[in-house]
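Please look first at the sequence and the structure shown here.

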Amino acid sequence: MNANPITLFAYQQILGDTIRMNPSLQDVWITAELSDVRSAGGHCYMELIEKDEANGQVRAKMRAMIWSNTYRLLQAKFLDGTGSVIRSGLKVMVCGSATHHNVFGLSFSISDIDPTYTLGDLERQRREILESLRKEGVLEQNRSLPFPLLPQRIAVVSAEGAAGFGDFMDHLHNSPEGFKFYPLLVPAVMQGERTAASVTAALDFIESTIDFWDCAVIIRGGGSTTDMHGFDNLELARRVATFPLPVIVGIGHERDRNVLDEIACRRCKTPTAVADFLVECCRNAWRETEDAVREIAGYVSDRMQGEKLRLSNIENLLPAKVNTAVMKQENALGEIRRRVERAVERKLSTSTATVEMIRMRLTEILKGIVERPRMKLERLEDMLRLLSPENTLRRGYSITRKNGKAVYDSSLLKSGDRVVTQFYKGERESVIE
């Protein structure tokens with residue numbers, strides 16, 4: 001039994017002195033993740049943690065603080081370098097010294113911070129996410145989807161009441177051409193640790209009603225670089241990459257980049273740029289439609305002109321063809337008549353009975369030969385009468401002309417146009433109302 005014990009206070013003093021006097025524990029740069037960051041009395045308190053990369057379990061933890069006189073300087077330095085305040089969830093490189101308090105125990109007093117390490121870690125995470133999607137074969141899946149020619153039914157993932165969403169709606173509904181859009185806000189958390197889960201849930205809802213939408217839009221106004229960290233999430237990135245509708249993202253400002261920018265079907269620099277892109281899509285569709293209408297109208301006009309010319313040629317050729325046919329038949333009949341006469345003359349010398357029989361048979365033959373051409377000529381004559389413009393007008397049809405030209409399409413007329421309508425008997429002038 002030790003006869004010379006020391007008090008707990010004395011032991012704590014020895015422990016504290018040992019830590020403070022060990023140079024390897026003073027002014028050391030370490031890397032860790034911030035957890036439970038909070039401020040009180042001008043000081044900043046937190047826990048530094050390190051997780052096992054294999055299973056995500058915490059394998060090291062230590063209390064830390066930044067005293068008020070240093071906290072103001074480091075907060076400004078970190079904000080200027082990253083655009084974000086010191087907060088939980090960030091990986092940081094900090095310089096400090098181990099210290100020991102008799103009541104609160106071991107802790108780490110931070111004296112400096114390196115903002116570039118935090119930015120570099122975020123970029124490393126983005127590269128790892130993109131590489132994972134590339135290995136899964138889905139990196140280009142959403143980007144390769146065909147974008148709709150006329151995207152009007154739009155599912156919008158954004159924070160309700162956010163300025164970025166308001167700007168998006170203003171630009172969308174105030175295009176010079178007045179294009180009609182049908183957007184629906186699917187609200188989601190767009191900042192912080194809940195971002196990925198909230199946006200993923202919004203995309204799940206959109207997919208469950210996929211038949212209603214032409215595309216999905218994810219928008220968020222500007223913010224700090226680390227404010228966008230919530231979008232650099234593997235599960236969210238995989239959801240966007242494999243989403244069955246084209247996804248447009250407009251997150252932050254032009255300088256901001258996140259994983260979704262690299263995998264979405266379209267990337268725009270801001271929410272208003274997304275609205276401008278959708279308006280431009282409709283503008284392009286409108287131009288293509290106008291070009292197609294002009295092309296169809298030109299084709300129809302040329303075709304109609306060609307058909308009119310063809311009918312005119314037929315009309316001019318028909319009488320000549322009829323005369324030629326008549327003359328041919330008359331010549332044929334003359335030749336037959338001459339042959340018959342010669343045959344009759346030869347037979348007359350044979351016998352009267354034979355001649356009479358031949359005469360009767362020839363009479364029947366001639367009647368048939370003459371009747372068929374006559375009937376054919378009558379049919380041709382009837383056809384000519386039916387096809388004549390006069391008979392067409394007689395049956396109740398009319399011809400409407402504008403400026404002396406026949407009107408074949410009602411869309412060529414507008415209110416106030418004066419037209420002349422020709423009937424079988426007479427014509428009338430009228431005004432289009």
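The paragraphs that follow take these topics one after another.

This is a predicted model, in which local features need pLDDT of at least 70, side-chain atom pairs count only at pLDDT 80 or more, and totals for chains, interfaces and linings use all residues. Residues are numbered from 1 along each chain as its sequence is written, and side-chain values use heavy atoms, with hydrogens and water left out.

Helices (H or I, at least four residues) and strands (E, at least two) are DSSP runs, numbered from the N terminus. Two strands are said to pair if DSSP finds at least two bridges between them. Five strands form a closed barrel in the order 1-2-3-5-4, and their pairing is mixed. From one strand to the next, the twist averages 50°; axes here are lines fitted to C-alpha atoms, for helices over the stretch in contact, and angles run from 0 to 180 degrees between N-to-C directions. In general, strands of a sheet pair through backbone hydrogen bonds, either parallel or antiparallel. Strand 1 (residues 28-40) and strand 4 (residues 91-101) run antiparallel and are joined by six bridges. Within strand 4, M93 stands opposite T31.

Two helices accompany these strands. Helix 2 (residues 68-82) packs on the sheet and touches strand 2 (43-51), strand 3 (58-66), strand 4 and strand 5, and its direction makes about 50° with that of strand 5. Helix 1 (residues 8-21) lies across strand 4 and strand 5 (105-113), running at about 140° to strand 4. Q12 is buried, with a relative accessible area of 14%, where buried means under 20% relative accessible area, exposed over 50%, and partly exposed in between (1.4 Å probe, protein chains only). If its neighbours within four places in sequence are left aside, Q12 is in contact with H100 and N102, contact meaning heavy atoms within 4.5 Å.

The charged side chains come next. Side chains of opposite charge can pair when their charged atoms come close. A salt bridge is counted when a side-chain nitrogen of Lys or Arg is within 4 Å of a carboxyl oxygen of Asp or Glu, and the structure holds 29 of them. In one of these salt bridges, the side chains of D214 and R153 meet at 2.9 Å, N to O. This pair links distant parts of the chain, 61 residues apart: D214 is in the loop between helix 5 (195-208) and strand 8 (215-220), and R153 is in strand 6 (residues 153-158). D214 is buried at 16% relative accessible area, whereas R153 is partly exposed at 32%.

Another salt bridge, between R338 and E335, also has a distance of 2.9 Å, N to O. R338 and E335 are separated by about one helical turn, because they are three residues apart in helix 8 (residues 271-348). R338 is partly exposed at 36% relative accessible area, and E335 is partly exposed at 29%.

K402 and D417 form a further salt bridge, with their closest N and O atoms 3.0 Å apart. Distant parts of the chain are linked by this pair, 15 residues apart: K402 is in strand 11 (residues 399-402), and D417 is in the loop between strand 12 (405-406) and strand 13 (418-422). K402 is partly exposed, at 22% relative accessible area, while D417 is buried, at 9%. Salt bridges that share partners also join E177, E280, R283 and R287 into one network.

The nonpolar interior is described through cores. A nonpolar core is a set of buried Ala, Val, Leu, Ile, Met, Phe, Trp, Tyr and Cys residues joined through side-chain atoms within 4.5 Å. The largest one has 31 residues, and those with the most contacts inside it are V199, L203, I206, I218, V240, L260 and I263. Helix 5 gives the most to this core, with five residues. Apart from neighbours within four places in sequence, V199 is in contact with V157, A188, V189, M190, I218, F231 and L236. Another core, of 22 residues, lies apart from the largest one and includes F168, C215, C268 and L278.

How many disulfides does a search of the whole structure find? It finds zero, a disulfide being a pair of cysteine sulfur atoms within 2.5 Å. The sulfur of C281 has its closest cysteine sulfur in C282, 6.9 Å away, which is too far for a bond. C281 is buried at 12% relative accessible area, and C282 is buried at 2%.
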